[in-house]
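My entries follow in the order I looked things up.

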Amino acid sequence: MGVVHEGAEGRTDLLIGPAFRRARSDAADAFLASLLPSGVPGIALAAVGGYGRHELCPGSDLDVVLLHDTALSPAAVAEIAEKIWYPVWDSGAKLDHSVRTVDEARELALTDLAVAAGLLDARLVAGDVELVEGIRAQVFADWRREAPRRLADLREEYAGRLKRHGELAYRLEGDLKEARGGLRDSTMLRFISASWLVDVPHGAPERARGFLLDVRDALHGVSGRALDRLLLQEQDAVAAALREAGVLQNLDGASADGSEQASAVGTESCVTERPGTEIYVADADLLMRRVAEAAGTIAYAADAAWRQVDAALMARNPTRQPVRHPLADGVVEQDGEVYLARAAAPARDPILVLRAAAATAESGLSFAPNTLRRLAEESAPVPRPWPRPAREAFAWLLGSGPGLIPAWEALDRSGALHALLPEWRRIRSLPQRNSLHIHTVDRHSLEAVVAAAALTRRVDRPDLLLFAALLHDIGKGLRGDHSEVGAAVTRELAPELGFGPADVAILTGLVRHHLLLPDLATRRDPDDPATVETLLTALAELPCPRLEALRLLRALSEADSRATGPAAWNPWRAGLYHDLSVRAEAALLGFDPPAAEPSDPARSAELAARCRAEPDGLVVELEDEQTVSVATADRIGLLASVAGVLALRRLTIRAATTETVDGIAIQRWLVTADWSAALEARLRDDLRAALAGTLDVAGRLAARDAGERRTRLVAPPSVAVLPAASASATVLEVRAHDAPGLLHRATAALAATGVSVRSARISTLGAEAVDVFYVVDAAGAPLSGPEAERVAAVVARVL
């Protein structure tokens, strides 16, 4: 029992599916029943929770309650309990157990939601059947009698899980059990139904639950652990196991809820949206799309159930009179839901669906189920190119803020969205193999639109910003650079949405260059004229004033980064975006550019002066709780020494900049650490020893790493020479999975070649390091082409 490693990656003996879950439960029943002494009246062992539902996955706990009547003495009950618990523990099974009388169990269930939920699924394993049937009947009766209170508790727990775990349908590493749309929500539907207040959707949500349980079986089996979070490194093995078990094949051409989706062929699936746009989806991506579909089905059913609960509770008020309030032309609100006006006719008004969606999103309400059905089934198609009222209503929807996401998802689930924007289907539930992102492509795009809606006051054309945010990743899922491919898709799609040639060119340029400003801001030297010139050259492609193009691109870049996740948006990155944008704006207006951020000329001069005054010529200090400043005489290998010392002290480097002031190197390191005065002193001592040659940084790091086992299935590092990135230096870009000592190894390799690092931009984005070095030769000149390639090859070999 317990966590059972039933197979390994590539094996066919993984036990996946409802028959195996039932078999595990039956085996557990037999094992536990053999431990309960026979012939003892007034005692019973009950399975509760998932075990009670016969849903044991390989790593599931055994949730049991030992029930007894009051005739048994505490000593007798304790003796019986020990005869059960100790053999279970000895077997290696994970046991969640309790011992209670029927009255105690009932009283606790009245106040503890988890206890009540478990007992609603209670069943007899062994012993007195009347005890188990009695407590189950009482808990059900209490649950129904106090349905309004218990459902309020259940909804509060549901909201808390959503806040903690997010939505399974849109998470790249979602929790199969706890996230919205996961197994806990599916169980919640059973509890809502048990109230007898409303019925809940069946069929598709139940099939979706079965699929998620199959995925959980495979996840436990291939990992050998009781994992519920579908981690990136497990997804390939889980997908392979499900294919071998016939689960993915069984879903060919249909999602977990029965809706049409990609067809699995071999180890890839091919989706064709239109001729020439074939998309090949690997097994792991197909798996994640299926998980997203199943989670969406469950989440949608949960939303519908809660709306029914609200309606049922409001209907209990005999004095309530329904009142309709207008929201838009043909759209009204009643009892917290959006309805079509009595005279509204979707078949004669093709733009009604857009107005209804925009009004729903802006008001923060939900569509009434019948409204969605009518809009999906009766709406006349919006003519292409879209007329201006259609485009304006769509822009209204996109600019509605956070309410956009639930309204958009409702349109998507109902099928109404496909008629409006068939291109969306390609990125629907599309995973992203990128450590920076936390959401699927479709949800990331919507989050970017929400973020852009908060920035519309910064630009002259908010509609273009919103549409660009929606389409910026539309090229993902197609072969090629998604920015270039997305620009081509936008060039075709934007005219169909009613935009004129100039606006089409602006949207196309924004999609093509949506990564340019972040790349330049975080990976290029802002003092190098080539950095700003590269940005201005791209802005010239947009047929609008370059100042407005700059504002659009900056707002789009910020919205995209905010939507990506915390690794892509933080105060440091915000400062870099701002600095580069201000420099570009100054160049456009003919002003001198300001000093580079985060450089502070006065602070740099102060550090340089203090360095000259120190007997050992070294300054190491903490500027704030995350920034380490270092000042000392510049020399080849200095960057490697500082990086190595920080790595030795296990400080995680998030970012760094370096500059030289009259021969003094000024370095600022953004680190993650529990800072103390003692650590500051140790850093100073270590760096002094490293610079004097008495501390073997490389040897110490190598010895430490040899004793730390690391297994990472990641892409190999890349080291590239970036031509034309600077006129005064050779620019090398290093990309690698982040690891302790990585920066030290890279900079030590550079020092070994004899080149000098004039400046550097160090950044860690999620699990990936992207470090850019501006290097020059002994004469201070850029390296020749062959020499640059040689240096890059040396660094690549070291990494």
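**Cysteines.** I began with Cys57, which counts as buried because its relative accessibility is 3%. I take buried as under 20% relative accessible area, exposed as over 50%, and partly exposed as in between, with a 1.4 Å probe and protein chains only. Cys544 is buried too, at 18% relative accessibility. I then looked for disulfides, meaning pairs of cysteine sulfur atoms within 2.5 Å. I found zero disulfides by this rule.

**Ground rules.** I note that this is a predicted model, where local features need pLDDT of at least 70, side-chain atom pairs count only at pLDDT 80 or more, and totals for chains, interfaces and linings use all residues. Residues are numbered from 1 along each chain as its sequence is written, and side-chain values use heavy atoms, with hydrogens and water left out.

**Overall.** I read 31 helices and 19 strands in the chain. These are DSSP runs numbered from the N terminus: helices are H or I with at least four residues, strands are E with at least two. The chain has 799 residues, and 55% of them count as buried. I define contact as heavy atoms within 4.5 Å. Among contacts between residues at least 6 apart in sequence, 68% join residues at least 24 apart.

**Cores.** I searched for nonpolar cores, which are sets of buried Ala, Val, Leu, Ile, Met, Phe, Trp, Tyr and Cys residues joined through side-chain atoms within 4.5 Å. The largest one holds 97 residues. Leu354, Phe367, Phe394, Leu398, Trp408, Leu470 and Leu535 have the most contacts inside it. I followed Leu535: leaving out residues up to four places away in sequence, Leu535 touches Leu516, Leu517, Leu520, Leu550, Leu553, Leu580 and Ala584. A second, separate core has 45 residues, among them Leu618, Val642, Ala643 and Leu651.

**Helix H19.** Which residues of H19 are buried? I listed Leu464, Leu465, Leu466, Phe467, Ala468, Ala469, Leu470 and Leu471. That is eight of the 10 residues in this helix, which spans 462–471 and is mostly covered. The cover over the buried residues of H19 includes H15 (388–398), H16 (404–414), H18 (441–453), H20 (482–496), H21 (501–512) and H24.

**H24 against H25.** I fitted the axes as lines through C-alpha atoms over the stretch in contact, with angles from 0 to 180 degrees between N-to-C directions. H24 (residues 546–564) and H25 (residues 571–589) pack at about 175°, axes 10 Å apart. H24 is therefore roughly antiparallel to H25; the cut-off is over 145 degrees. On the H24 side, the contact includes Arg546, Leu550 and Glu558, and on the H25 side it includes Arg573, Tyr577 and Ala584. I sorted the contact residues into six nonpolar, four polar and six charged. Here Ala, Val, Leu, Ile, Met, Phe, Trp, Tyr, Cys and Pro are nonpolar, Asp, Glu, Lys and Arg are charged, and the others, Gly among them, are polar.

**Backbone.** I found a cis peptide bond from Arg384 to Pro385, with omega near 0°. Pro385 sits in the loop between H14 (369–378) and H15. Asp335, not a glycine, has a positive phi near 55°. Asp335 lies in the loop between E9 (331–334) and E10 (337–340) and is partly exposed at 31% relative accessibility. Arg650 also shows a positive phi, near 55°. I placed Arg650 in the loop between H27 (638–648) and E14 (652–661).

How values were computed: Parallel < 35°, antiparallel > 145°, perpendicular 65-115°, else oblique.
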